[in-house]
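This report considers a single structure, with attention to backbone angles, a sheet and a ligand site. Please examine the sequence and the model together while reading.

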Amino acid sequence: MTIGVEGTTASAAAKTILDSEILRVEDLHTSFFLPIGELQAVRGVSFSLHRGRSLGIVGESGSGKTVLARSIMRLNLGANVEISGSAFFEGRDLLVLSRREMRRIWGSDIAMIFQDPMTSLNPMVKVGRQVTEHLRKHNGVGRQEAKRVALDLLNEVRIPEAASRIDRFPHELSGGMRQRVSIASALACEPSLLFADEPTTALDVTVQHQILNLLSREQRQRNMTMVMVTHDLGVVAGRTDDILVMYAGKVVEQASTVEIFDKTQHPYTEALMRSIPRTAQASHAPLVAITGRPPVATHLPKGCAFSPRCPYVQPRCHEEDPVLAPTGTSGHKVACWYPVGSDSNREAFERNLSNRLPQTLAVAESLGADQSSETLISLPEGGLA
Ligand SMILES: Nc1ncnc2c1ncn2[C@@H]1O[C@H](COP(=O)(O)OP(=O)(O)O)[C@@H](O)[C@H]1O
Ligand code: SF4
Ligand SMILES: [Mg+2]
């Protein structure tokens, strides 16, 4: 079924879901119809999320993370947008609910934190009041009680001197404080699902860590389900249970966080991994920018969308787009014809090296390896990192 974002179809099909499953997204597509053509921002994303778990959605800027989150949440994506597929939240397909039904869900059952807290905070309203806005609206909590709850929440998100800050306006607080206020506001109605879209990208590194740790702590303590959207694999390392890697609107790899880091299978995930500083990494280990640029979403290449940048690319990759398929390890899925760690991947690398393919040479160089096939073929099991 295909619906516009404002579309409403009355009957959400009855759906049998596992008891512990809170969100099931099935074959979600989101396209924008622009004068230059169709821009396929999300191209058939499916995943399921169980209660109390945390999921990281990772990919470079433009890979479709925000559009995916906003499509699920039914938040405004502008004009000329078409969304298809389904997003079952506690068994109800959000994509066919009316705006009125969605308004009941926003803020109470599902909450969202944005990169820029000013997107969700009203500059004209004092912070204490906006922290409990949803609480008063949805639960009919009185003024005095709301103020007490607001103070508790501001203390919980560690706003220093919360009692005096409760009557301040957002612009009177620092960026980090404002993000703490928007977290407090999101937590006020005790949502069962929280989306955090690049919640720390605008903040400096020290504050980033504090906010991310705060979110992880709240998620665990409240047994809340959380989706953390980020361009930085380092942000979700050790903080989420599972990771979904997106490239050009598709999921290219999906696994537990431990598995993604220990047994990387997609060349794009491997490239992302090499481009982040890791504390466990030797200080001399090179950081490598991913060769080339992400594709323009209106003009995706034929076959695998990562093919112009992939160091293992083979002729088949230019023709056929690999589907996301199980790898044999429980829950680990990958969309690649030559997954990292496989013999076919090693052979592909060797061939591309002999053909002096620029992105393959760049990887070989970053490894500090002699660019002969003999050296590279002796690289350790499980990849090149
Ligand atoms: N409202 C919109 N209208 C047209 N194109 C959009 C709109 N929002 C996002 N896009 C496009 O959709 C693609 C995915 O964007 P987005 O989801 O914001 O990426 P990410 O969050 O991963 O950085 C990009 O090509 C972006 O330019
Ligand atoms: S090896 Fe081929 S299928 Fe796999 S990521 Fe590279 S280009 Fe895509
Ligand atoms: Mg985004």
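This is a predicted model: local features need pLDDT of at least 70, side-chain atom pairs count only at pLDDT 80 or more; totals for chains, interfaces and linings use all residues.

Arg158 is not a glycine either, and has a positive phi of about 60 degrees. Arg158 lies in the loop between helix H6 (143-156) and helix H7 (162-165).

Strands of a sheet pair through backbone hydrogen bonds, in a parallel or an antiparallel sense. Here, eight strands form an open sheet with mixed pairing, in the order S7-S8-S9-S4-S10-S11-S13-S12. Strand S7 (110-113) and strand S12 (325-326) are the edge strands, and each pairs on one side only.

Strand S8 (residues 193-197) runs parallel to strand S9 (residues 225-230), and five bridges join the pair. Within this pairing, Leu193 has Thr225 in S9 as its bridge partner. Helix H8 (residues 175-187) packs on the sheet and touches S7 and S8. The directions of H8 and S7 make an angle of about 175 degrees.

## The surroundings of ligand 2

Which classes of residue make up the shell around ligand 2? The shell has eleven nonpolar residues, one polar residue and no charged residues. Among the residues that surround ligand 2 are Cys304, Cys310, Cys317 and Cys336, as well as Phe306, Trp337 and Ser307.

Note on methods
Residues are numbered from 1 along each chain as its sequence is written. Chains are lettered from A and ligands numbered from 1 in the order in which they are written. Two strands pair if DSSP finds at least two bridges between them. Helices (H or I, at least four residues) and strands (E, at least two) are DSSP runs, numbered from the N terminus. Two residues are in contact if their C-beta atoms, placed from the backbone, lie within 7 Å. Axes are lines fitted to C-alpha atoms, for helices over the stretch in contact, and angles run from 0 to 180 degrees between N-to-C directions. A residue is near a molecule or strand if its C-beta atom, placed from the backbone, lies within 6 Å of it. Ala, Val, Leu, Ile, Met, Phe, Trp, Tyr, Cys and Pro count as nonpolar, Asp, Glu, Lys and Arg as charged, and the others, Gly among them, as polar.
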